[in-house]
Amino acid sequence: MFELSIYVNFEAAHCLPDYPGKCRRLHGHNWRVEVSIEGSKLNDLGMLMDFSILKMEVMTVINVLDHQYLNEIYPFNEINPTAENIAKYIYEQLAAKSIFQSNPRLLAVKVWESPNSAVIYREV
Ligand SMILES: [Zn+2]
């Protein structure tokens, strides 16, 4: 089995209105996102998936979030834009793409809110 990962970054503001601390106030992060896929079958080039294709697919999701006030856009106008919810949102957007249905399969999305704090979302 092969596991392949790419990193991307995006910048966005958020606040957690009911949080009992300073995260209640509007602030921004340089979010770092790691997307991992897995599969056992390589293509004719010996690749699970071309890194650039994976990055392009991830960017279609990230571009929706980049330079936004997350609390104003779906689904974060309904649920708190925590690192947990952001990781799950990115995972679900990617998992819906036909390219990740079998080989390779989406494995996990890891979101760093800061260099020292990260969340991983996976479904298996
Ligand atoms: Zn924050």
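What follows is a working chat about the fold of this predicted model.

Biologist: How many helices and strands are there in the protein?
Modeller: In this predicted model, the protein has two helices and five strands, and from the N terminus on the elements run β-β-α-β-α-β-β.

Biologist: And why call it compact?
Modeller: The radius of gyration is 15 Å, close to the 14 Å that the globule rule gives for 124 residues, so the protein is as compact as a globular protein of that length. Taken along the principal axes, the box filled by the C-alpha atoms is roughly 50 × 25 × 25 Å.

Biologist: What order do the strands take in the sheet?
Modeller: The five strands form an open sheet in the order β3-β1-β2-β4-β5, and the pairing is mixed. The edge strands are β3, at 68–69, and β5, each of which pairs on one side only.

Biologist: Which way do β1 and β2 run, parallel or antiparallel?
Modeller: Strand β1, residues 2–14, pairs with β2 in the antiparallel sense, and 13 bridges connect them. One place to look is Glu3, whose bridge partner in β2 is Glu38.

Biologist: What about the other neighbour of β2, then?
Modeller: Strand β2, residues 27–39, is also joined to β4, residues 105–114, by seven bridges, and these two strands run antiparallel. Within that pairing, Val35 stands opposite Val109 in β4.

Biologist: How many residues lie between β4 and β5 in their hairpin?
Modeller: There are two residues between β4 and β5 in the hairpin.

Biologist: Switching to the helices, where does α1 pack?
Modeller: Helix α1, residues 51–65, packs on the sheet, where it touches β1, β2 and β3, and the direction of α1 makes about 20° with that of β1.

Biologist: And which strands does α2 lie across?
Modeller: Helix α2, residues 83–95, lies across β2, β4 and β5, and it runs at about 150° to β4.

Biologist: Last topic, what share of the residues is buried?
Modeller: Buried residues account for 23% of the 124 residues in the protein. As for contacts, if you take those between residues at least 6 apart in sequence, 64% of them join residues at least 24 apart.

Conventions: Residues are numbered from 1 along each chain as its sequence is written. This is a predicted model: local features need pLDDT of at least 70, side-chain atom pairs count only at pLDDT 80 or more; totals for chains, interfaces and linings use all residues. Two strands pair if DSSP finds at least two bridges between them. Helices (H or I, at least four residues) and strands (E, at least two) are DSSP runs, numbered from the N terminus. The radius of gyration is taken over C-alpha atoms; the globule rule is 2.2 Å times the number of residues to the power 0.38. A residue is buried if 20 or more other C-beta atoms lie within 10 Å of its own, exposed if 12 or fewer, and partly exposed in between; C-beta atoms are placed from the backbone. Two residues are in contact if their C-beta atoms, placed from the backbone, lie within 7 Å. Axes are lines fitted to C-alpha atoms, for helices over the stretch in contact, and angles run from 0 to 180 degrees between N-to-C directions.
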